[in-house]
Each structure stands twice: as structure tokens, then as C-alpha cells.
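User: I want to learn how to read copies and domains in a model. Can you take me through one?

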2 protein chains.
Amino acid sequence: MSYFDAASAAPLHPVARQALHASLDEGWADPARLYREGRRARMLLDAAREAAAEAVGCRPDELVFTPSGTRAVHLGVAGALAGRRRTGDHLIVSAVEHSSVLHAAEAHEAAGGTVTRLAVDRTAAVDPAAYADALRPGTALACLQSANHEVGTEQPVAEVAEACRAAGVPLLVDAAQSLGWGAVPGAWSLLAASAHKWGGPSGVGLLVVRKGARFAPQGPGDERESGRSAGFENIPAIVAAAASLRAVRAEAEREAARLRELTGRIRDRVPALVPDVEVVGDPERRLPGVVTFSCLYVDGETLLHELDRAGFSVSSGSSCTSSTLTPSHVLRAMGVLSEGNVRVSLPPGTPAEDVERFLEVLPGTVAGVRARLGAPDTRAGAPGAGADRVVDALGRRCPVPVIELAKVFGEVPLGGTVRVLSDDEAARLDIPAWCEMRGQEYVGEEPADRGAAYVVRRVS
Amino acid sequence: MSYFDAASAAPLHPVARQALHASLDEGWADPARLYREGRRARMLLDAAREAAAEAVGCRPDELVFTPSGTRAVHLGVAGALAGRRRTGDHLIVSAVEHSSVLHAAEAHEAAGGTVTRLAVDRTAAVDPAAYADALRPGTALACLQSANHEVGTEQPVAEVAEACRAAGVPLLVDAAQSLGWGAVPGAWSLLAASAHKWGGPSGVGLLVVRKGARFAPQGPGDERESGRSAGFENIPAIVAAAASLRAVRAEAEREAARLRELTGRIRDRVPALVPDVEVVGDPERRLPGVVTFSCLYVDGETLLHELDRAGFSVSSGSSCTSSTLTPSHVLRAMGVLSEGNVRVSLPPGTPAEDVERFLEVLPGTVAGVRARLGAPDTRAGAPGAGADRVVDALGRRCPVPVIELAKVFGEVPLGGTVRVLSDDEAARLDIPAWCEMRGQEYVGEEPADRGAAYVVRRVS
């Protein structure tokens, strides 16, 4: 078995396991108590806070532990917005943030706040100038991930932080995907992260609030974690989280270079091995272990299932997986193909042989799924002599609308059109992406009685 | 070392440790994923939910795991109030709830809601009739603990639940102190609990919402735990929590009888061994392992420190401990002595010898603290021939005001008074309690330039 979904959750690092076992005996008591079991728990908690702060590059009293990265984001966004309530209620986020940030933004909107969601380019990168433009006198907070969790693109955090600093607006960085690789540079004000992304245990997030950043914790609180994260501290897990962060950092430089070369192999070779594939995300500014691609004419859930059978655990942003009916918001914001989407995220230590085996298995797996779906020949033949065509794919889910489009396309004359009728949300993304990949013209979307009509013109 | 603070946090049960170790290898992946590591994690999570639901006596789909008992209470109160927003915004709690419930009530008030805090009797018990009287058409929710965390008194949950049911109001039970001993009886609607109170690991709480109870999760959410508790599930800890709940339940009947006898020894013998002690809480309807008493003329922090040196870890609701300036809200609501307060809460498995050793050590420890504080002779002598007296204890912290009162009392004639000037919050509780313990008349409190004047009349 090769587990290639470290961006969801990394397997427990051996140091985390060891630290967890050791601190179960020492760290179970209430650190607020004065008796020896409590003092021992307090010492462990303090030492873990110091180690984590050192790795983040902040003061220990700026860092609190939370029960998850999601909770760190929710608490951080709510506290920072409330702390600057007098300034205004405007929040800026990128369109490709993790759902925890987007959910916090939705909650802010539901409570009457205003939110600007900044577009990204086709690699998922934000434009620092767009942040600078969006900042205004009533902006209370801006949020930006250090790197994208679905396609691995690194964001220009330092530049955005500088724009925010110049405007006197705090920047909250969601560093969940990158903190194990290194400290986040720049003049950010708040930072959130999640231990199980770097090989620490589940149940530990961290929230950093720099001195000087206004912060008003929201919701019912208690005296724990500086009043910023209520509930009994999970000290054994916190100790394991801090120990493993230190351990992965010690290995980070070497392991990053190694994984970067392995994901580079996938980036380079998959388009040659598998026809009609789009590799997405920035080819240079990217996380070491993440590579994402999408395969035309492939149903993501079936592909994941077949890869699982072949011994590979990967994830997908396709709409046709895991009971979600819409493609991932990240792929949508990038405007790239969503069908047959595969994210490979390698945990540290992944052997090169596993990646080679994946590259061996993938072409046949994709071909098998395509054959079962009756996908068309991958290259359109010479233009046909037929008339304009209408494809009725109403009620059919991805990747069927694109498959049906491709099937008739060979019969369409140069300059002729195909109108694809579809009520599948993925078609809006995947039909234009198909056009871009195949060098055909995407004319646009027209309203229809049910769903929409997507119009494609044959130009080659 | 004898750890006698299980009501704060119980040491990890061997079954919890074993289950945690085993599930670290199987339960680290994302249970929302479809590959085998994800499916394995999902199976562990489902099995843990079934086991916990069986112990609670609910359906598995009524129970979600949260990162702590505090979080379960906060989420439960907020969701239940929001779910019945159209009915009204009135919340009922008892005055002796855990701080997590009281903090949730304060947050509700801050957001414009109304809260009724019901008084308790001298044993900390609520009166079901008081709940029935407080219920009104706009009541959205009532909360009651199953047993008090500071003095061990069991609450009449079934009766209060019945009154709530009759009025169509949901009752949320904070079962943190009792769930390890047995299911909570009665027609309650919501229940919260915390695994580290029953010997499970830190980092796991549970929230039960009965089918039919209206519930609208608040704050930013995600798709995990039925949308009721956001953030990546801590499956190894959840598995350990469920396994240890089952294990402690298997031992509960036998162990409850054994601990009840041991705490009974403390209840019975401490008043005989130590002069001027008040044992508090209900002598019959009580948790098996908890016994609480207060010692006149004793500084709680020093007593805890001395007991720790003698090898006993206990906690205290005194104001003069752990940097808090006010006595525990529970002792205050009961109207009992707060100075020199000691809570002994025995973990399952506590050997009888440890309790015997505690009873041996306690009298000398208390006497030592009293001697160091210059506490007066414990019995007032014959009435003196002096006049009314004024004791200026301004700026002095507990237990000094009571000690100063006792020092002059011997010189006061029958019918004469002592006015104690004090700005220590504890005096308001402890001077009337002293009067009750010593059979003297507490005349009342009068305003003063600083603090207040507490007036005591000598009647014996």
C-alpha cells in the first residue's frame, strides 16, 4: 500500500508516537492545579509551547494550542474580526482558501459582515496587487493560505503581508500545508496550523496572535490557553505535536528536495503517459510533496476506487466523488478541468519505487475507466461534413457530458458548433477546460429550460 | 503519592492506553476518504460511536464527539438555544453548574438572551419545583448537571427532566461527573460529557442530541460529526474514550460501593479528627468518590501545598488558591464555609490504605497551618466583660478576617457584637458560615467606606 494523501492527514511521525506514549504518564493531569501531577503537566505544556513557538518564529505567549487546525482558523478569524470591530467589518479572503477559512467567512457574512473573495490565476496563485487593491479603510482582516492544499501552489505571503502591514490591516495566514516545511516569512499578524498535517497526532492545532494584533476571543471562554481556546488541554497530544514539528523540521530541507524531485517526475511524465491530462498548479512555486492533475473522460470516484485497488490512496477534487455534487472550489476558482482529478500528496519518507509504481499503474487504470465509460477516441479525426449538433446530457453526471461532446465532435465541420445541454455543475468548468485542452473555441453558456447550454465551436 | 483529584482529571485507564496505542496505527487517516486507510478510520469511528451510544443509552446517530466536555457544553447550549429561537430566548441553569455551562449562559446573556440562575440548598441540590416554576412560554432550554463537580451532590435529574418534558422544554444534562458510573436516567433531551473524567484520554467530549430535539449548530461548521462539531476527528483518542467508558462501566457497581465506603470514612471521621470542620454536600445522594470539607482558620493554598508535600493531590474551592480572588461559585451558592476548602475525589482503584494515611496526615497538617497563621484556640472561652468590638481586616485575605474575628470573640460579652471590616470577597461567605458553625448570631452586612462591615453577635 502506498498512502499518497499526506495533505489530508500524514501518518504519525515516529517521534510523535514516542512523545505521545511518554507523556500519557506525565501529562494527563490538569495543568492549572498546583499539586505535583498538575505542575508536571504544566511543565510539559510550557515546554511544548516553547518548542512550537520556536518553529513558528514567535514568542511562546503569542501561541495557543487548539483542538484542531479548523478550530484555530475559526477562533483566529472570529477573534481578529471582533478585535477590530471599531475599524470595520470587511474581511478579505482568497477564493482558494481551505474550507475552514471560507466557512468562517460565511459565518461572518451571515452575522452582517462583508467579505471580498479574491480571484486567483490558473495556477491558484493570488496576486498581491489584488490584495492591496481590496484593502480599504473598513477592512478588519485579510486571510491567505501559505500554500494551497489541493494543488500545492505556494502563495506570495510575504508580499501580501507587506501590503497589509502598509495598510495597517492584520493578515491571518493558514499555514496548515507548509508549517512542517519551514516558518512562514513576512509580517503576518496571525497564523493557524494543524499538527496532523506534519505528522503530529490528531486533536492539536495552533493559533498564533502576534503582540500588537488586536484580538477579542469570541464565544464562551475559560481561563485556559490565555482565554483563547476553551476546554481541557490535550497535553500528551500537544507534546507529541511539538516534538514531531521539531523532528520534521530537522529533516525538512533534505526531504523537501527529495519529494520535490519525485513530484516533479509525476508532473513531467503523467502528460506523456496518459493522453488528455492537465497537470494543474504552479510548476515552480509549489509544496514539495503535492502534485495534482485531471484526466478528461474519467469519473473521479471510479478512478480513486481503481487506484485504491491497485494500492494507492489519493484524493480528488472532482465533483463525482465522496457524495459531493460540485467540483472543488479550488479547481473552480482556477478554471481548470475538474473531471478525473487526482491529488497525489507524498508523506515524507515515500520511497521512489512507490512513485515509479504509481507511474506504471496509472496509464492502464485511466484507460480502463475510460473504456468502461465509453470515452471517445482521444484525438478528434478530420472535421466531418455534418451540421451543427446538440448533445442532450441532461440528468447525466460528470464526466458524461464531456464524453458525449467529444463523441460527436468528429462529425462537426470546421466552424460548426456543438451545444451541450447539461444540468451538472461540473460541466460549467469542464467543457471550457476541454476546449482549452483540445484547442477548440468555447463560445459560451446560454440559458436553457433545464441546466444550461454550453456552446463549443470547432476551429481545428 | 496519592492522587485524589479524579473530579478534575482521572489518570488514563489501562484500557484507554491500550486502545489508544492500537488505534494510532489504524485511526490516523481522514474518515471522510474512500481509500482503505480512510475506510479503516471510519470503521473505528463508527464502532466507537456505537459503544459510546450504548453506554449513554441513545442512538449512535444522536451522539457526536467533540474536542472536550467544555466544547460539548458550549456547542450543545448554543445549538439548542438557536434551534428554539422562535420559542424564546430564556435559558435556565442552576447556580452550581460547571463553569462551562455558566460561561455559555453568560455568552447567551451578552448576545441579548435572558438567563435564570436557580438557587440551591445548603447541600448544593436543586429543587425540581424551582425548575418547574421557572419554566415559562419563552423558555428555550434548561440545563442541569447530573452531579456537582465540587461537592459530589447528585441532582434530581429525572424529576427536573419530567418537569421540562411536561412544559415542552428540552433539558441539557452535563453528565461529566457521572457518566462513568452509569447512564443518566430520565427524559432529558441533550447530554454532554468528557472522557478524561472517566479515565479516557484528554481531547474527547461527547454531545448527545435526542431525535426530536430542535438543534441548529452555531458558528462556522463543516461536514464532520453531522455538522455539529467542526474539525478533524481525533479517532485514536475517540476509540480510547469509548473503550474506557465500556471498561469503567463494567467495574462501576463494585467500584462505586468500595469508593462510597472510603469517602464515607472521610465524611464521618474528619469532623472528629479535625476541630472546626464543615463537611459539605449531600451525605446520601452523592457521587461515590467525592467528599468535600472546609476547615476554619485555614488558608486553602497553604493547606493544598502541605498536603501535596505529604503526598496527597487534592483540589480546593477556597478563594485563597490558584490566583483566584473569589471563592468557588458552588460553595458561594451553597452558603457554606469556603476557607480551608478541600475536595477529595478518589480515582477508581484507590487503595483503602491511601485513605487511611490521608486521615492520619490531615489533622497535623491542618493544625500546622493554623498554628502558622496564629489561629485562635478552637473553642471560645467564657464570655468576656469587654465592650462591642471592631476588627479591621481591610486588605487582609482569607482566612485572616475570620481568624481576627475569632481572636477577639472571647473578650465579647453575651449580647455584644463584633463588626469585621473586610474587603475580601470570601468574608461574605465565611463569616456567616463561622457563625453557623459556632452557634453565634450573624446580624448582617453593613456598607462601609471600603469593603463591608460584617456584624456578629455573641449569643452563647
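Analyst: Start with the surface through which the copies meet. This model is predicted. Of the interface residues of chain A, 100% are also interface residues in chain B, so the copies meet through the same surface.

User: How are two copies of a chain related in general?

Analyst: By a rotation about an axis and a shift along it.

User: Now the domains. What does the domain assignment of chain A give?

Analyst: Domain 1 (9–248), domain 2 (253–373) and domain 3 (389–457). Take domain 1 and domain 2 of chain A: their C-alpha centres lie 28 Å apart. In contact are 25 residues of domain 1 and 25 residues of domain 2.

User: How do I read the area buried between domain 1 and domain 2 of chain A?

Analyst: Take the total, then its make-up. The area is about 2,000 Å², and carbon and sulfur atoms give 59% of it. On the side of domain 1, Arg122(A), Glu150(A) and Trp181(A) lose the most area to domain 2, together 37% of what that side buries.

User: How many salt bridges are counted between these two domains?

Analyst: One. The side chains of Arg122(A) and Glu278(A) form a salt bridge, 2.6 Å from N to O. Polar contact is found for 10 residue pairs across the interface of domain 1 and domain 2 of chain A. The side of domain 1 that touches domain 2 has 10 nonpolar, nine polar and six charged residues.

Notes:
Residues are numbered from 1 along each chain as its sequence is written. Chains are lettered from A and ligands numbered from 1 in the order in which they are written. This is a predicted model: local features need pLDDT of at least 70, side-chain atom pairs count only at pLDDT 80 or more; totals for chains, interfaces and linings use all residues. Side-chain values use heavy atoms; hydrogens and water are left out. Domain bounds come from an automatic or database domain assignment. Contact means heavy atoms within 4.5 Å. Buried area is the accessible area (1.4 Å probe) that two parts lose on being put together, summed over both. A salt bridge is a side-chain nitrogen of Lys or Arg within 4 Å of a carboxyl oxygen of Asp or Glu. A polar contact is a pair of N or O atoms within 3.5 Å; within protein, one must be able to donate a hydrogen and the other to accept it, and residues adjacent in sequence count only if both atoms are side-chain atoms. Ala, Val, Leu, Ile, Met, Phe, Trp, Tyr, Cys and Pro count as nonpolar, Asp, Glu, Lys and Arg as charged, and the others, Gly among them, as polar.
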